[in-house]
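Trainee: I have just opened this model and would like to learn how its features get their labels. Could we go through a few of them together?

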Amino acid sequence: MADIVLNDVRKKYGPVDAIKGVSLDIADGEFVVLVGPSGCGKSTLLRMIAGLESITGGDISIGGRVVNDLEPSERDIAMVFQNYALYPHMTVRQNLAYGLKNRNTPKDEIERRIAAAANALEIEPFLERKPRQLSGGQRQRVAMGRAIVREPAAFLFDEPLSNLDAKLRVQMRVEIKRLQRSLATTSVYVTHDQMEAMTLADRLVVLNAGRIEQVGTPIELYEKPETTFVATFIGSPSMNLLPMEISTTWSLAEGSRVPSRTTTLGVRPEDLHLLEPGATDSGFKIDVTVAAVELVGAESYVHGVLPKQQSVVFRVPGRSRIVVDEPLTIHADFESLHFFDASGSRLD
Ligand SMILES: Nc1ncnc2c1ncn2[C@@H]1O[C@H](COP(=O)(O)OP(=O)(O)O)[C@@H](O)[C@H]1O
Ligand SMILES: [Mg+2]
């Protein structure tokens, strides 16, 4: 059981500033997800918490103890990697026991912990197999099991599901969430997948080029992104960002409430709706020509083009009757609009 506190943490690789001053308080038992595009510094930050990477500046505390100069083995954390990192010549049982034996854990205690983890992860049938005799999902479970049996103060995950196919990824995501809830162990989870981040996190940390862009619950980030970066990173398809100068082509009934420094207007694909002929428009209204319609199952994504060639995407339920080249009018309620200034910062 431990909180994790990062205080102005920095990392330089030679001239490269990989982490440019990150401060973050992670509460005991909390599930925090670090999310951001490839190369933004997620793994670097996680590896610094784990002790696998030295710290150029700042402090990291785990359970109230500054760990900057402690070896990974002295930090009481367990890490789960994308590539599983299982010992190929050992059985699953031996893989699970290995770290505990090294710490001189009594034999009956090792047996007890392996039985509990194997039960929780439903890997009892595979305990005597070697990793190569397991599927990817089963190997990932064993990697999880190896972290669980340690009963660490915190779990650190680096894209643990990236090597699994889409269906298994969803299944394991649900299992990881359930396990973390029942163990209530502080967890820091790295992913570039915003969907995984949204569904797993108690709190999300969006990283961009070595800095924290925004921290909040998934719903806070979705409903009130502080920057255009977060606005487009969270949610799929991405929020539409439209330049204000398209104002010649849209009408805004309550336009006086648009903040004066607005340069970019944001609207989510789910907040745009078809305006039926004859209906009175509300809020924001634009005319588009349909460029493409993608059926993705329960809904369709309609891609429209505005007169000045800006594109906009909106969602319609089910199989749409909308066809390419059709002219449409779409609208959004004023309340669903997001306003940003020239620097990409939120204005309301
Ligand atoms: N060992 C290293 N030496 C030099 N640069 C590195 C090293 N590891 C990572 N970087 C750089 O630091 C930045 C962050 O990398 P990383 O933390 O791996 O990003 P992410 O996990 O978000 O994809 C990248 O620009 C990457 O090229
Ligand atoms: Mg990485």
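Mentor: Gladly; we will take some labels one by one and set each value against its rule.

Mentor: First, this is a predicted model, where local features need pLDDT of at least 70, side-chain atom pairs count only at pLDDT 80 or more, and totals for chains, interfaces and linings use all residues. Residues are numbered from 1 along each chain as its sequence is written, chains are lettered from A and ligands numbered from 1 in the order in which they are written, and side-chain values use heavy atoms, with hydrogens and water left out.

Trainee: Why is Gln214 called buried?

Mentor: Buried means under 20% relative accessible area, exposed over 50%, and partly exposed in between, using a 1.4 Å probe and protein chains only. Gln214 has 10%, so the label is buried. This residue sits in strand E10 (residues 211–216); strands (E, at least two residues) and helices (H or I, at least four) are DSSP runs, numbered from the N terminus.

Trainee: What does the side chain of Gln214 reach?

Mentor: The side chain reaches the backbone nitrogen of Glu226 at 2.7 Å. A polar contact is a pair of N or O atoms within 3.5 Å; within protein, one must be able to donate a hydrogen and the other to accept it, and residues adjacent in sequence count only if both atoms are side-chain atoms. Contact in the wider sense means heavy atoms within 4.5 Å. Leaving aside neighbours within four places in sequence, Gln214 has such contacts with residues including Leu204, Leu221, Pro225 and Val230.

Trainee: What makes Phe31 and Tyr189 a tilted pair?

Mentor: Rings of Phe, Tyr and Trp (its six-membered ring) pair if their centres lie within 6.5 Å; planes under 30 degrees apart count as stacked, over 60 as edge-to-face and the rest as tilted. By this rule there are 7 aromatic pairs. For Phe31 and Tyr189 the centres are 5.8 Å apart and the planes are at 45°, so the pair is tilted. Phe31 lies in strand E3 (residues 31–35) and Tyr189 in strand E8 (residues 186–191), so the pair ties together parts that are 158 residues apart in sequence. Both Phe31 and Tyr189 are buried.

Trainee: Why is the pair of Phe155 and Phe157 called tilted?

Mentor: Their ring centres are 6.0 Å apart and their planes are at 50°, so this pair is tilted. Phe155 is buried at 5%, and Phe157 is buried at 3%. Ring pairs link Phe31, Phe155, Phe157 and Tyr189 into a cluster.

Trainee: Which residues touch the most other members of the largest nonpolar core?

Mentor: A nonpolar core is a set of buried Ala, Val, Leu, Ile, Met, Phe, Trp, Tyr and Cys residues joined through side-chain atoms within 4.5 Å. The largest has 44 residues, and Val33, Ile123, Met144, Ile176, Tyr189 and Leu204 touch the most other members. Helix H4 (residues 136–149) gives the most to this core, with 6 residues. Not counting residues up to four places away in sequence, Met144 touches Val80, Leu121, Phe157, Ile176 and Leu179.

Trainee: How do you know that Arg93 and Glu111 meet in a salt bridge?

Mentor: A salt bridge is a side-chain nitrogen of Lys or Arg within 4 Å of a carboxyl oxygen of Asp or Glu. Arg93 and Glu111 come to 3.5 Å, N to O, so they meet the rule. Arg93 is in helix H2 (residues 92–102) and Glu111 in helix H3 (residues 107–121), 18 residues apart. Arg93 also forms a salt bridge with Glu128, the closest N and O atoms being 2.8 Å apart.

Trainee: Why is Glu128 exposed, while Arg93 is partly exposed?

Mentor: Glu128 has a relative accessible area of 53%, so it counts as exposed. Arg93 has 27%, so it counts as partly exposed.

Trainee: What separates Glu109 and Arg113 in helix H3?

Mentor: They are 4 residues apart, so about one helical turn separates them. Their side chains meet in a salt bridge at 2.9 Å, N to O. Glu109 is partly exposed at 21%, whereas Arg113 is buried at 16%. Salt bridges that share partners join Glu109, Arg112, Arg113 and Glu151 into one network.
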